[in-house]
Amino acid sequence: SVKRGRTTCSYRPPVQGDAPLPNHTVTVDGKILKKTPKSVRGGAFLEVTVRAGRGDVGYSLRVFPNKHRFELRRTPGGAGFPVRDRDKAIKRVNERNALRLVARGARITAAVNGKELASVDDANPGQVAGSKIRFAVGNRKAKSKQVVATFKRVGVAVP
């Protein structure tokens, strides 16, 4: 659970690519629970990251279940990022969403519940120097109420 304001609670499993710009496919099933107060659900998100590095480096898929929104982000920022949109494939609060993020060379592909949401060819993938993966729950709203989520079925593969 995330307890205060704009914040993210993340976990980095002990998985790391063994080369620069590692190719990874990361899947995780996550759910924002109904224990999350309605006043913060609009800003509550699930996130999966590939090529994660120190600080906030990496490519991340954020899914906001309350409004069927998503963001495909790159940190540091770059051409073509972020990609933001809505999609009905994203399930609501208290329903499980299967997030999938694939990094293969310069191409980053995001999907949820089996539907591709976005695919971007990064013009300069060398700027994203991480080699780990991460998944997280977070809140964009500056509220003192907590966001509660669960994760299951974390999978990592080389595409």
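Rings of Phe, Tyr and Trp (for Trp, the six-membered ring) are taken as an aromatic pair if their centres lie within 6.5 Å; planes under 30 degrees apart count as stacked, over 60 as edge-to-face, and the rest as tilted. Y11, F135 and F151 form one aromatic cluster. The model is a predicted one, in which local features need pLDDT of at least 70 and side-chain atom pairs count only at pLDDT 80 or more, while totals for chains, interfaces and linings use all residues. Residues are numbered from 1 along each chain as its sequence is written, and side-chain values use heavy atoms, with hydrogens and water left out.

By the ring rule there are four aromatic pairs. One of them, Y59 with F81, is tilted, at 5.8 Å centre to centre and 45° between the planes. This pair links distant parts of the chain, 22 residues apart: Y59 is in strand β4 (residues 58-64) and F81 in the loop between β5 (69-75) and β6 (83-86). Strands (E, at least two residues) are DSSP runs numbered from the N terminus. Y59 and F81 are both buried, where buried means under 20% relative accessible area, exposed over 50%, and partly exposed in between (1.4 Å probe, protein chains only).

A nonpolar core is a set of buried Ala, Val, Leu, Ile, Met, Phe, Trp, Tyr and Cys residues joined through side-chain atoms within 4.5 Å. The largest such core has 32 residues, and those with the most contacts inside it include V48, L61 and L101. Strand β3 (44-52) is among those that supply at least two residues of this core; β3 gives the most, with four residues. Contact means heavy atoms within 4.5 Å. Leaving aside neighbours within four places in sequence, V48 is in contact with residues including Y59, L61, L101 and F135.

T25 is in strand β2 (residues 24-32) and counts as buried because its relative accessibility is 8%.

Most residues other than glycine have a negative phi, and most peptide bonds are trans. The exceptions below include two cis bonds and two positive phi values.

| Site | Feature | Value |
|---|---|---|
| T75 to P76 | cis peptide bond | omega about 5° |
| F81 to P82 | cis peptide bond | omega near -5° |
| N94 | positive phi | about 75° |
| R153 | positive phi | about 50° |

P76 lies in the loop between β5 and β6, and P82 is found in the loop between β5 and β6. N94, in the loop between β6 and β7, is partly exposed, with a relative accessible area of 31%. R153, in strand β11 (residues 149-157), is exposed at 57%.
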